[in-house]
Amino acid sequence: MPFLDRLQLWADERPHDTAVVVGSGRFNWAELRDAATHLLDRAPATTVLAEPNSVAFVARYAAAVAGVRRCAVLDPQWPEAMIGELSARLGEGSTVSGGVLADGDPASTFLIGLTSGTTSIPKAFTRSRRSWQVSFEASIEFFGLSRDDRTLAPGPLSASLNLYALSECLYAGSTFHTLESFDVGDAHAAIAHDGITRLVLAPTMLRLLSERGLAGAVDASGIRSIVCAGSKLDARTLEAARRWAPHAVIYEYYGASELSFVSGTRLTAGAPLDIGGTGIGRPFPGVDVRILDDDGRILADGQYGNIGVQSGMVSNGYLWGDDGHALRCLDGWYTVGDQGFLRDGVLHILGRRSDMILTSGKNVYPHEVELALASVPGVEAAVAAGAPDDIRGERVVAGIVPACGAVTATQVRTGLDGLLARDKWPLQYYVLAELPLTDRGKISRTLLLDWIKNHDPRVQPLG
C-alpha cells in the first residue's frame, strides 16, 4: 500500500489537524479524505495529471491511486503536443465506479513515472504499491521524519522529489507544505510563519533560499532537517545553509527514478564536507549496493564499474522507451548505467558511462570534473565535456559560470590543485553567459560542444 490506508487512519484520529498546505489553500486530514472520496466516482482506471500545484491536485492524486487505479503525473510546462501524445499513449480507460479511498493490492501498479531519454518522448516506467511502502519505511527511518514535522517542498509536484515528499508525509501523518509556484519570498514567508521544520529541495533552491535568507535576515533557526537531491552539494551551498539554518541536519542522497533510494549521507552541524569529492554516503536502509562489470561480476573495493542495486524499492520496468541501456538486470543486480566505486562502504558516483571522456587512454568522468570545479572559489557552476582531439582522442574542456565578477583560468587551475588529479584537468576553459540546458532544463554537454564549435556568443575563451 502507498498511503491511503494511513490517510484514513489520520483522518479518524486527528481529523482537524492540518494535512496539506499549498499556497493559501489547505486541507485538514478529514477534508482531504472527503475531497478525494468525492472524486472516486469520476476517477478513471488511469489518471493523467498535468497541472500546477494546488490542494485540488492533491485530492485528485489521492483519488487517482485508490484501489486498482493508477496515476501518471506530467510536467504541465511540457509542450502541449507532448502532453497530448503521452496522454493518448497512457489512455484513461473506463471509469472505475465508486469504491473506497483505500490502498489496493500491494503488488499492483499505482504510479507511472516519466523520465527523460534519448528520444523526444520520455520513457515510462511503473511502480508497485509495495515498492513505495518499502521506500517510505526506509526514508522515514533515514531522514528521521516525525509526525510533528512540517515539511516544505517548494518545487512542482510534477517532479518526483516533491511528489514523493508529499506521499511520504501522507504516509507518516506529517504536515506537508508547498507553493503554487516557486518563489523565494513565498518560501521564506512559509518558513517564518508556518513553523516549517524540514525542507526537501534541490541544491540550487537551497542556495537561493539560504543566501537570500541571510541577506534578508529570514529566521530559519526552527528548521531541523534539510533533504537535498538532484546533484551533490557544493561547499558554497553548504556553508550558506549552515549559517542560515544553524540547527539543521543536512541530508543528501543518490537515487534514480527507476531504482528509488540507493545511498545517502547525514551531515550534522560542523561536520566536514568532502569538497570536490565524489562520495555520496552509505547504502540506504534495506538497500544492497555492489559494483559490477558488464558481465555482472562483483568488483573489488576501489574498482569502478556499474552501480548495481538490490532492494524492494526497484521499479517494475518500462512501459515504453527501454533502449537496452536504461534499467538493466545483471545477475540479479539492477543498474541504470551510472558508474562508480565503493571505498570503505561509501559509494562514489562518477556519472553515466555514455558521458565518459577517453583522453590519452585515460577515462575521465565529467561529473567528477564538475564537482571539483564547482568547489573552486569564484565559480558559480561548471559543465565539462570531451572535445575531439587528433592526438588525445578527446580533450577535456570546461565551461564556467563565474560566481561574481571575473575569474581567470589561472585562478581556476590554482583552485583545482588538490581537488582533482592533474591528468583530469580541463585543457581549455570557457566563460559561459548561461549554462547549456535542454528544453527540459537539464545540463547538455553536447550543447556546450556545439556552442564552442560554432563560436556561439554565449561561450567565450577564458584567459
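Student: How are helices and strands assigned and numbered here?

Tutor: Helices (H or I, at least four residues) and strands (E, at least two) are DSSP runs, numbered from the N terminus. The model is predicted, so local features need pLDDT of at least 70 and side-chain atom pairs count only at pLDDT 80 or more, while totals for chains, interfaces and linings use all residues. Residues are numbered from 1 along each chain as its sequence is written, and side-chain values use heavy atoms, with hydrogens and water left out.

Student: Where does His455 lie?

Tutor: His455 belongs to the loop between helix H12 (445-453) and strand E26 (459-461). Although not a glycine, His455 has a positive phi of about 55°.

Student: Is His455 buried or exposed?

Tutor: The cut-offs come first: buried means under 20% relative accessible area, exposed over 50%, and partly exposed in between (1.4 Å probe, protein chains only). With a relative accessible area of 68%, His455 is exposed. Asp331, in the loop between strand E17 (328-330) and strand E18 (333-335), has a positive phi of about 50° and is not a glycine either. Asp331 is exposed, at 65%.

Student: Which residues are in contact with Ser225, leaving aside its neighbours within four places in sequence?

Tutor: Contact means heavy atoms within 4.5 Å. With those neighbours left aside, Ser225 is in contact with Thr197, Arg198, Leu199, Ala248, Val249 and Tyr251. Ser225 is part of strand E10 (residues 225-228) and is buried, at 7% relative accessibility.

Student: How many disulfides does the structure hold?

Tutor: A disulfide is a pair of cysteine sulfur atoms within 2.5 Å. The structure holds zero disulfides. For Cys71, the nearest cysteine sulfur is that of Cys169, 18 Å away. For Cys169, the nearest is that of Cys228, at 16 Å. Cys71 is buried, with a relative accessible area of 0%, and Cys169 is buried at 0% relative accessibility.

Student: What is the volume of the second largest pocket?

Tutor: On a 1 Å grid over the protein atoms alone, a pocket is an open set of points where a 1.4 Å probe fits, with protein on both sides within 12 Å along at least five of seven lines; lining residues have an atom within 4 Å of a point. Grid points are joined across faces, edges and corners, and a volume is the space filled by probe spheres set on the points. The second largest pocket has a volume of about 200 Å³. Of its 14 lining residues, the closest to the centre are Gly23, Ser24, Thr178, Leu179 and Asp186.

Student: Which element gives the most to that lining?

Tutor: Helix H7 does, with three residues.
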